[in-house]
Amino acid sequence: YESTVYPGATEEECVPILEKFSGLKYNQDFYCGYSPERINPGDKVHTVTKILKVTSGSTPEIAKKVDDLYKSIITAGTFLASSIKVAEAAKVIENSQRDINIAFVNELSLIFNKIGIDTHEVLAAAGTKWNFLKFYPGLVGGHCIGVDPYYLTYKAQELGYNPEIILAGRRLNDNMGFYVANRVIRNMIRKGQTIAGSRVLVLGITFKENCPDIRNSRVIDVVAEFNDYLCKVDVFDPWADADEVKHEYGLSLIDKPGTGYDAVVLAVAHNEFKEMNIRSFGKNEAVIYDIKGHLDKDMVDERL
């Protein structure tokens, strides 16, 4: 198995099903291995053979066979975990850790906005310390980071422990889309704009930059909040498949950005967007909001 699961899922859930339908006995007639996938969508550098692989097996002998199999393919090497549960836990905490770290900088962004300082400038200064972890604020979506922590918290709650930090991070990250939309609306009001009927351009719908994957994209939260304010929202994304977006979210992508928008939101940091004159899409008093810190600070009214 390679899918991200809670520790114990392979042997507690999958093995009994295999035994039931095959009539075979686990670790006598058949064996199991677990090696979690670590593919990073859109990453052309860290491809499958170049990412170190954690491996495991249901017995020491099988673990060695699984490890040898992956060693024959993975040039980056392997790490043989002591058990399937350890390998499962290792994978789920990789994504949970990243989710929590992003939640931390997202909360810093909320705080620094109230203080009146730019989050990216603070992170640049703090990042000069050798052991400062460099994470940046943003929307947390996709099929991994925004989902996998719940596998671990489910198992913890099943065992009678209620996780605090993991779930707090999930709640904060899940609310960032609504926060972003309301910051844009507030800036529009400050510029004297009428909100109902205003035109808003959202650049990007995929869950991450330079990648066509739209699964669990939290950009949809931003769009939904604008719709609640009765804004007329256009979404443009050169990477996303229009039919897939229509099927998944009920949104019709535009072929290219128009002009005369009251607000423009850079939601995904596609390389194509950095080459565009984004301010040209809006009116003179348009609000330009940069979720990803992708644009020069002087080009935007506010960034997360």
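**Salt bridges and a surface patch**

I looked up Lys155 and noted that Lys155 is buried at 10% relative accessibility, where buried means under 20% relative accessible area, exposed over 50%, and partly exposed in between (1.4 Å probe, protein chains only). I am working from a predicted model, in which local features need pLDDT of at least 70, side-chain atom pairs count only at pLDDT 80 or more, and totals for chains, interfaces and linings use all residues. Residues are numbered from 1 along each chain as its sequence is written, and side-chain values use heavy atoms, with hydrogens and water left out.

I then looked up the partner: Glu12 and Lys155 meet through their side chains in a salt bridge of 2.8 Å, N to O (a side-chain nitrogen of Lys or Arg within 4 Å of a carboxyl oxygen of Asp or Glu). This pair links distant parts of the chain, with Glu12 in helix α1 and Lys155 in helix α5 (residues 149-158), 143 residues apart; helices are DSSP runs (H or I, at least four residues) and strands likewise (E, at least two), numbered from the N terminus. Glu12 is partly exposed at 33%, and I found Glu12, Lys85, Lys155 and Glu158 linked in a network of salt bridges.

I also checked Arg170 and Asp174, whose side chains form a salt bridge at 2.9 Å, N to O; both lie in helix α6 (residues 165-174), four residues apart, about one turn of the helix. Arg170 is buried at 1% relative accessible area, whereas Asp174 is partly exposed at 27%.

My search of the whole structure gave 18 salt bridges.
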